[in-house]
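Have a look at the sequence and the 3D view before reading on.

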Amino acid sequence: MKVETTTVLAHATYGGDYRCLELEAPGIAPEVRPGQFVHIRLPAPADAILRRPFSVFRADGDRLQILYKAVGRGTAAMRHLQPGDGLSILGPLGNGFPAAAADALPVLVAGGYGMAALYLQARTLPRRGIAFFGGAKAGDILCVPEFEALGWEVRATTQDGSRGERGLVTDALDAWLSGGGRDLRPEFFACGPNGMLRAVGGRAEAGGWTAWLSMDRHMGCGVGACLTCVQKIRDPDAPGGWSWVRICREGPVMECRTVVWEGDE
Ligand SMILES: Cc1cc2nc3c(=O)[nH]c(=O)nc-3n(C[C@H](O)[C@H](O)[C@H](O)COP(=O)(O)OP(=O)(O)OC[C@H]3O[C@@H](n4cnc5c(N)ncnc54)[C@H](O)[C@@H]3O)c2cc1C
Ligand code: FES
């Protein structure tokens, strides 16, 4: 893990509400594994104290890219970055996704920036499988040509029906499972809103399959010191049968059986 002052190489609209930020980061980019993230110090003075976490979309040579959507003050300030600007980033951080079991069919499930967070995993897994992407509208479905170019079958779902099937991403997943997918020994890799992750994990547990979930948490330090990002996990050795992990250090990727969801305590 390193802190590096990177240089903005390119910054452009990507699709829907998302933008792609490309950085020259020779100390960090070559070290990135699928599912890891970087912690970025955003440019606005008012937001300069806390960094913000972003999954690495692509890492090629000395360059890395992130896809982001402006949701608050920090990401709104990010929109003004220009090629040549300097940006301090910390990374690569987090555990990242593991390899799939040799006899499993990898199944990716993503919502929002999860499509970017899964791209390096899609590029690295030796066996290509199927990817389920969900969003509220067509503009929320990202990276489909990139995944298809890697040999993945992509099924999109939108809540308003403007792209792919109308419904939730888990509706498409359920239809695939009951149409023969459950016989293909799926192993899930998922990133998106917590409700979606919980639903994917529930299906995996019910079917006896494995699901690796990249958890989204508000973060402070990003390096395990502040405990802003803690998550309850099942821990048979701990008193009460559970303990805490830090999503920035022991995560963000957790196997679904370890996660204790809110309300399940
Ligand atoms: C491991 C990890 C990887 C991420 N990767 C990406 C990515 O690749 N692309 C991307 O666009 N975003 C990603 N995010 C989310 C991103 O970090 C937040 O959108 C960003 O921190 C918001 O900063 P802000 O200053 O603009 O918003 P703030 O002003 O801090 O918050 C604005 C609103 O967003 C909510 N919010 C802030 N952070 C989060 C969060 N982590 N989860 C849910 N809601 C949040 C706040 O509650 C508030 O409602 C990632 C988060 C994590 C934990
Ligand atoms: S963000 Fe500080 S411990 Fe995880």
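Two residues count as being in contact if their C-beta atoms, placed from the backbone, lie within 7 Å. Keep in mind that this is a predicted model.

With that in hand, start with the big picture. The protein chain splits into domain 1 (2-93) and domain 2 (105-258). Their centres, taken over C-alpha atoms, sit 22 Å apart. How many residues of domain 1 are in contact with domain 2? There are 22, and they meet 17 residues of domain 2.

Now for the ligand. Both domain 1 and domain 2 give residues to the shell around ligand 1, so ligand 1 lies between them. Which of the 23 residues around ligand 1 come nearest? They are Tyr68, Gly72, Gly74, Thr75 and Tyr113. If you'd like to trace the shell by element, β4 (51-55), β6 (63-69), α1 (73-78) and α2 (114-117) each supply at least two of its residues. The shell is made up of twelve nonpolar, five polar and six charged residues.

Next, look at a pair of helices. Helix α5 (residues 169-178) and helix α6 (residues 194-207) pack at an angle of about 15 degrees, and their axes are 10 Å apart. Angles under 35 degrees count as roughly parallel, and α5 and α6 are therefore roughly parallel to each other. The crossing of α5 past α6 is right-handed. From α5, the contact uses Val169, Thr170, Leu173 and Leu177, while α6 brings Met196, Ala199, Val200 and Arg203. Sorted by class, this contact has six nonpolar residues, one polar and one charged.

| Peptide bond | Omega | Where the proline is |
|---|---|---|
| glycine 91 to proline 92, cis | near -10 degrees | proline 92 in strand β7 |
| glycine 251 to proline 252, cis | near 10 degrees | proline 252 in the loop between β15 (242-246) and β16 (253-255) |

One more backbone spot deserves a glance. Is phi of arginine 185 positive or negative? Phi of arginine 185 is positive, near 50 degrees, in a residue other than glycine. You'll find arginine 185 in the loop between α5 and β12 (186-191).

Key:
Residues numbered from 1 in each chain as written. Chains lettered and ligands numbered in written order. Predicted model: local features only at pLDDT ≥ 70, side-chain atom pairs only at ≥ 80, totals over all residues. Near = placed C-beta within 6 Å. Helix = DSSP H or I, 4+ residues; strand = E, 2+ residues; numbered from the N terminus. Nonpolar A, V, L, I, M, F, W, Y, C, P; charged D, E, K, R; others polar. Domains from an automatic or database assignment. Axes fitted to C-alpha atoms, helices over the stretch in contact; angles between N-to-C directions. Parallel < 35°, antiparallel > 145°, perpendicular 65-115°, else oblique. Left-handed = near helix turned anticlockwise from the far one by under 90°.
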